[in-house]
Amino acid sequence: MNRTLLGCFAFPLLAAAQIHFVEHTVATGIAGGYHVAAADLNHDGKPDLIAVGLNTPELAWYENLTWERHLIARNLPRMVVNCAAVEVNGQTQIVLVTAFAMQAKDVIGVISVLTPTTDPRELWTIQEVDRLPTAHRVRVADIDGSGKPVVIVAPLNGAKAAPPDYRDLTPLAYYVPGEWKRHEIKPENFGLVHGIWITDWDGNKRDAILTAGFEGIQLFRFTAKNEWTRTELARGDPSPWPKSGAGEIAVGHLGSERFLVSIEPFHGSQVVVYRSQNGKWTRQVIDDSLVNGHTIQIIDADGDGRDEIVASCQGNTVRNLYLYHADDPAGQHWSRRIIDNGGMSGATCVVADLNGDHRPDLACIGSTANLKWYENR
């Protein structure tokens, strides 16, 4: 078999050569580009993009498909870090996390709810609902199968955590829209937690939460008894703490087989695939050449029921966006190709059908201060 050398690994040449992305620039000048979310904010049936920049004191959305910029809020506290859109009584609201820092002693962690006026293109109202130090990730989940989503907020670490070990219990919380009261999820993780993924793990229409941190990959489920359980799936990188564990997590499928994929360790160099064998998740490093790896995403780009992996690095050293494709049914061999060569230091990517052609597209934002969408052709 012909092979091409990528970093420290020999990969088979890409079998899915028909996968082709065309890149389009949505916006530039987003200082500290960090998070992008897709949501239909003007209710025209097309997903729009919301852009978050760590060093941008404004929150804006970009209207599909002209990508006209509309300001949602201005004069926000420094370090705007994450957001998620949630439907509340037929109205789209945005939950936003600002005033972020790596340590609780340096930050207040403001959680706010933004609500549009009659026209979502005008400035939205903003209401602070809680303060949770180092609040970092925001996601929406249907934890009880009721069809009524809650908002999950995941802090980076605990109140007493200090670098480099960050040894403390790390809180995890959810909020019921409209009520906006903090509900704690216990038992907690320990040490820094960076990644979060929402998935219907058991196929029972109840979303579970996967987290990635120094302790590895953990699964949180809200049971029929209205209790939370926490299950360790994998320890992640076996290096000594604080180089242990995982930094990002996603769930994909190769046909009927589920797999996990992570970046290890925190801001690490490895793309790692886990497959379940005899009740245990076996670890396979498919790439170890990332520099400050920061985003992992799943996309079935060619519609064959076998997911591809998207990964990128945050920073100025490597500005590439990568696609990984399984070359065999079991996912033991993976190919890597470049989607964006030098133009995207991806901090976050999101998958959505942006042009209405029934194929999943990709949108990414990065420390390259730009927001792009990659059209799947």
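Predicted model: local features only at pLDDT ≥ 70, side-chain atom pairs only at ≥ 80, totals over all residues.
Residues are numbered from 1 along each chain as its sequence is written, and side-chain values use heavy atoms, with hydrogens and water left out.

**Exercise 1.** Find which cysteines form a disulfide (a pair of cysteine sulfur atoms within 2.5 Å), and work out its handedness.

*Solution.* 
- Start with the distance: the sulfur atoms of Cys349 and Cys364 are 2.1 Å apart, and the two form a disulfide.
- Next, take the torsion about the S-S bond, which is about 110°, so this disulfide is right-handed.
- Then check the others: the sulfur of Cys313 is 11 Å from the closest cysteine sulfur, in Cys349, which is too far for a bond.
- Finally, a search of the whole structure finds one disulfide.

**Exercise 2.** Classify the ring pair of Phe214 and Trp241, then name the aromatic cluster that holds them.

*Solution.* 
- Recall the rule: rings of Phe, Tyr and Trp (its six-membered ring) pair if their centres lie within 6.5 Å, with planes under 30 degrees apart stacked, over 60 edge-to-face and the rest tilted.
- By this rule, there are ten aromatic pairs.
- One of them joins Phe214 and Trp241, at 5.4 Å centre to centre with 80° between the planes, and is edge-to-face.
- To finish, Phe214 and Trp241 form one aromatic cluster with Phe190 and Phe266.

Key
Disulfide = S-S within 2.5 Å.
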